[in-house]
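Me: I am new to reading protein models. Please walk me through one, feature by feature.

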Amino acid sequence: MNEADILRQYRKAMFLTAYPHKTAHLASAFSIAEVMYVLYRKGILRYRPQEPDWPDRDRFILSKGHAALAVYVMLRDIGVLSDARLSTFCRPVENALGGELHPLETPGVEAATGSLGHGLGFGVGCAMAQKSDRSEAQVYVLVGNGELGEGVIWESVMAAHKFALDNLTVILDDNKLQKMGLTSDIMRITSWADKWRAFGWTVEEVEDGHDVEALTAALSKKNTSGEPRVIIAHTVKGKGVSLMEHNPDWHFKMPYKKELKTFMEELDISEQELEDAKVVLDDIV
Amino acid sequence: MQKSYLMTLYEIAEADSRVQLLLADSGSGYENLFRQHLPERMFDFGIAEENMVAAAAGMASCGKIPFVYTAGAFLSYRSMEFIRDDVCLQKRNVKLIGMGTGLGWSTLGPTHHTTEELGILRAMPGLTVLSPSDPVRTAECVRLAYEIDGPVYIRIGMGGEPALYDEDDAPRKGENRVLREGKDAVVFATGTILPELLAAAETLAEAGTELQVVDVCTLNPFNEAAVREAAERFGTVFTVEEHSVSGGLGTAVAEVLAAKRTQAAFHKIGLDNAFAKGYGTQLEVRAQNGLDAAGIAGQIRRLMV
């Protein structure tokens, strides 16, 4: 399978996982598909699927916790979660996966996110602990552009600079949208690079945040600046389904009947697959 | 109490390299011990409490034991959601120490008072809530917090609190302690207001009313049996706290009494649906709010009738 197919499969699995529900944060999850793929499957994150709590692992924290679908499907793809567990997403069953991440409920998840702005401070703490242990482990925190409206983010940005956390990389999923529209309209902010740079961070930009090669190049580059690093990935919210792309209406919504056809065509989904997605699988252990 | 807290923490930190002191530009001088001898274990986050609490949770997730130390008001109000989501929800081994709680910052007024925080912290699942009454108990609470594998909040004063206990005879594990025996009514009280209550009890004894005074240190989990038994034995129950009468010790006791459907008379003494008024020393501000010895004695005398 080529990479385009793998990524279509990835989005398809996210959609089918969410399909039984009336709402889901699909567009936010689709926005970060390539970033997630590069982190987990292009050799950026060091982890052990058989030992999710491996103490020397790199930490990945999804601060925009509502994109949890992207994490769950990735954890399934790398063998941390089973198909059966994935099928419990938001279901009223024992041991279900929730709409936001929770480390005590799901292996491979580092922090409980969902209320925006929390993940970066948590990651700062992880990076400080790794540094004090002289560990080689890296900390990656994925934040959204809308989330940068939270004041605490900038507290964390200052702290990371103060403590010179060069083992911390933030990936900013800059899809320009937030729930009610453009961030440039809602907060009158059009660029982020200058803000982070002003706080002493090393800034890199990836013009196409869905370009696997460009993301891989940026993320594999060793940070030698002595400062924390942010990689701004310019992305498209809802990427992968034309209806949803760059359209704020899709922040927390699933397709109606007539829209469903587009999803099925563009993600290559059959009627049978839709039917199967409704079933919570038995876990065969 | 600040000295007691930091000296005890320093002893623990010397023996266990996982222990860290986190500040938000909130030093009191005693942290110099850390600055001089354990500088790699002290982190000043600047005036940014929310991030400090989130970072503490991150540190704990990597095996550290952070003790987060700042003014009680800023710690509990400003970083509330971080205490909830990052510390309690994830059961992180983080210790939160609010100093100058109650009316400790007595010249600075209500923005600096910590007089409602128990209402929400007591409701946090899994958060041990400790409210020591003197420096000896404070030291014991710090040791207890270190032993507990999970989140703990300790509510301490500003400084200069008198010792109520000898070190050899201090209550252990945050247990209740009867500080004065009486027969006419029982008073449950918590924190640094205990000396005021003891003085009030002395005054009332001279007039023939004998109060049983109980120092309650642990508000969560709460010793419900002690309240049930005392209600039965004394028939009249008071609570005294340097806190709103809603949400803190008074509410904790009320919950027990309501569940028991007791006939006992019950009165809460504290701030009643009000921010504290006035400025001055802590004692002077207590007096302006009816929470010094005379004020407490007067309220009890009226309510006992």
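Me: Which elements do the buried residues of α4(A) pack against?

Reply: They pack against α1 (3-18), α2 (26-31), α3, β1 (59-62) and α5 (83-86) of chain A. Helices (H or I, at least four residues) and strands (E, at least two) are DSSP runs, numbered from the N terminus. Two residues are in contact if their C-beta atoms, placed from the backbone, lie within 7 Å. This is a predicted model: local features need pLDDT of at least 70, side-chain atom pairs count only at pLDDT 80 or more, and totals for chains, interfaces and linings use all residues. Residues are numbered from 1 along each chain as its sequence is written, with chains lettered from A and ligands numbered from 1 in the order in which they are written.

Me: How many residues of α4 (residues 68-77) of chain A are buried?

Reply: Buried means 20 or more other C-beta atoms within 10 Å of a residue's own. In α4(A), 9 of 10 residues are buried. Among them are A:L69, A:Y72 and A:R76. Just after α4(A), A:G79 takes a positive phi of about 95°.

Me: How do I describe two packed helices?

Reply: Use the angle between their axes and the distance between the axes. Here α3 (residues 33-41) and α10 (residues 212-220) of chain A pack at about 50°, with axes 9 Å apart. That makes α3(A) oblique to α10(A). The contact includes A:V38 of α3(A) and A:L215 of α10(A).

Me: Which element gives the most to the side of chain A that touches chain B?

Reply: α6(A), with 11 residues. In total, 22 residues of chain A are in contact with 24 residues of chain B.

Definitions and conventions: Axes fitted to C-alpha atoms, helices over the stretch in contact; angles between N-to-C directions. Parallel < 35°, antiparallel > 145°, perpendicular 65-115°, else oblique. Buried ≥ 20, exposed ≤ 12 C-beta atoms within 10 Å, placed from the backbone.
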